[in-house]
Amino acid sequence: MNRDEYVEAAQSLFFMVQLGTEFAGAARRLATEAIGAPTTLATDGLASALLATASSRAVLRYSERALTFDLGNGPTTTLTDAVGAFKIAHPDLKIARDLIEHSDEYLTGGGRLRAAGDDFSLYAHRDPGRYQLVVGNRYVDLGPLADDAVDLAAVLRDSVTTWSRWMVGHLDPDH
């Protein structure tokens with residue numbers, strides 16, 4: 001990789017790190033807000049829960065996109081392991097995010113998954129100190145999801161930083 005290619009890759013990767021870190025922080029704040037919302041209505045805190053879910057999914061997407069770059073063996077392995085653990089811990093995240101993103105269609109009787117016979121409902125199951133978002137027959141437990149998004153964003157940052165430091169020491173100074 002020459003210097004220009006490095007600069008272009010580094011700009012993209014560090015922008016993903018910045019956005020991933022901000023989305024993770026937003027997920028944690030929004031999850032905390034949803035968990036602490038009044039329990040007067042079943043929908044109290046629902047918008048915060050939806051945004052926390054979408055923000056957490058963004059962290060995962062940035063991490064997956066970073067893996068399309070050649071980060072070297074150590075950072076790639078670390079980030080791959082973290083992405084895999086995140087997906088295992090939150091298997092319904094992608095479909096829940098998709099249902100949330102297209103909730104206008106589902107709430108009015110449409111939607112691709114509903115056409116395939118999948119149920120759609122949107123509500124919160126709440127216990128003291130816990131907020132579980134229920135989207136169709138998918139469950140997203142907000143507290144652990146937000147914490148894991150923060151952890152994944154930190155691994156993304158560390159992996160990109162390690163790659164960048166290694167690259168700076170190995171660039172050809174004449175190119």
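Two residues are in contact when heavy atoms of theirs lie within 4.5 Å. The model on the screen is predicted.

Is Met167 buried or exposed? Its relative accessible area is 9%, and buried means under 20%, so Met167 is buried. Which residues does Met167 touch, leaving aside its neighbours within four places in sequence? Those are Met1 and Tyr6. Leu51 is 116 residues from Met167 along the chain, and their C-alpha atoms are separated by 36 Å.

Now the helix around Met167. H7 covers residues 142-170, which is 29 residues. From first C-alpha to last, H7 reaches 42 Å, close to the 42 Å expected at 1.5 Å a residue. Several H7 residues are buried, among them Leu142, Leu152, Trp163 and Met167. What do the buried residues of H7 pack against? The partners are helices H1, H2, H3 and H4, together with strands S2 and S3.

Two of those partners, H2 and H4, also pack against each other, at an angle of about 125° and with their axes 9 Å apart. H2 and H4 are therefore oblique to each other. Their crossing is left-handed. On the H2 side, the contact is made by Leu50, Thr53, Ala54, Ser56, Arg57 and Leu60. H4 brings Leu93, Lys94, Arg97 and Ile100. How many of these residues are nonpolar, polar and charged? The contact of H2 with H4 has 5 nonpolar, 2 polar and 3 charged residues.

Notes
Residues numbered from 1 in each chain as written. Predicted model: local features only at pLDDT ≥ 70, side-chain atom pairs only at ≥ 80, totals over all residues. Heavy atoms only, no water. Helix = DSSP H or I, 4+ residues; strand = E, 2+ residues; numbered from the N terminus. Expected span 1.5 Å × (residues − 1). Buried < 20%, exposed > 50% of the residue type's maximum accessible area, 1.4 Å probe, protein only. Axes fitted to C-alpha atoms, helices over the stretch in contact; angles between N-to-C directions. Parallel < 35°, antiparallel > 145°, perpendicular 65-115°, else oblique. Left-handed = near helix turned anticlockwise from the far one by under 90°. Nonpolar A, V, L, I, M, F, W, Y, C, P; charged D, E, K, R; others polar.
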